[in-house]
Amino acid sequence: MNDKNAARDTGVLKLNRSGEGNARLPERRQNLTERIYLQLKQSIFDFQLLPGDRFTESEIADLVAASRTPVREALTRLQREGFVEVSFRSGWQVRPFDFEQYEQLYDVRIVLEMAAIKKLCEMEQPPNLDTLKAVWLVDPADRLEDGPTVCALDERFHEQLVEATGNAEMARIHHDVTERLRIVRRIDFTKQPRIEATYLEHGRILRSIIQRRAEEAQLMLKTHIEESKAEVRKITLHTIFEARQNQNNSQPPTPASG
């Protein structure tokens with residue numbers, strides 16, 4: 001199978017053939033680059049583009065109705081974030097999952113968030129955690145059940161804890177780690193028991209912080225993240241396997257007419 005056919009077996013073609021009809025309208029390059037970047041990134045997150053899939057800049061440019069320059073800029077941004085890699089001879093590739101790296105990033109999260117909890121519990125003026133309380137300290141009947149929604153709220157819970165310390169540099173580093181882990185963390189919210197556990201654990205952590213029980217909150221947070229890390233590793237490979245099987249079993253999409 002040549003590179004062109006290989007690219008057609010990925011989700012990029014499907015994703016962009018079904019895109020908005022105004023893709024060819026003039027756009028400023030910055031906006032065009034951003035659109036392509038977000039489109040490709042979402043395709044990777046949705047496992048339409050799978051780890052190891054290869055493609056060229058020309059193929060992507062054709063699919064998104066753009067020149068190679070904004071495509072290259074979008075891919076370079078994804079490369080900096082660790083989602084794709086480039087080879088002089090074989091073009092671009094979705095970066096294979098590196099679970100050792102992900103586990104290191106989880107460990108960084110633990111260090112940053114435990115430091116944040118200690119600072120929050122020691123602040124002379126108690127931090128404003130009203131937004132978090134409104135989301136996580138709710139009656140069980142009012143809890144959300146949609147996985148992607150709870151995933152986004154979970155991400156913000158941890159980011160807002162760090163942001164509440166007022167340390168902008170710590171928040172920036174934590175946000176970067178969060179971004180790099182998002183592709184695997186979102187898989188943790190495909191199972192209902194994990195959603196329920198997230199509400200329970202976040203509520204307990206939040207109450208301990210409010211009551212200034214730093215060591216208790218730190219221990220619960222560390223356990224919370226460690227459990228998520230273990231669960232993600234267990235189900236990610238299975239998810240990729242299923243996506244690859246679906247990709248192989250699907251028929252090549254019919255080219256758009258006109």
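Predicted model: local features only at pLDDT ≥ 70, side-chain atom pairs only at ≥ 80, totals over all residues.

Mentor: Helices here are DSSP runs of H or I with at least four residues, numbered from the N terminus.

R212 is found in the loop that lies between helix 10 (192-210) and helix 11 (214-249), and its phi is near 60 degrees, a positive value in a residue other than glycine. Because its relative accessible area is 35%, R212 is classed as partly exposed. The loop between helix 4 (57-63) and helix 5 (68-80) holds A65, whose phi, near 55 degrees, is likewise a positive value in a residue other than glycine; at 23% relative accessibility, A65 counts as partly exposed.

Turning to the strands, strand 2 (residues 84-87) is joined to strand 3 by four bridges, the two running antiparallel, and they form a hairpin with three residues between them, in which S87 stands opposite G91 of strand 3. Strand 3 (residues 91-94) also pairs with strand 1 (residues 54-55) in the antiparallel sense over two bridges, where W92 is the bridge partner of F55.

The side chains complete the picture: the largest nonpolar core has 51 residues, and I44 and I183 are among those with the most contacts inside it, while helix 6 (residues 99-122) supplies its largest share, eight residues. Leaving aside residues up to four places away in sequence, I44 touches L49, F83, V84, V94 and I183.

Technical notes
Residues numbered from 1 in each chain as written. Heavy atoms only, no water. Core = buried A, V, L, I, M, F, W, Y, C linked by side-chain atoms within 4.5 Å. Buried < 20%, exposed > 50% of the residue type's maximum accessible area, 1.4 Å probe, protein only. Contact = heavy atoms within 4.5 Å. Pairing = 2+ DSSP bridges.
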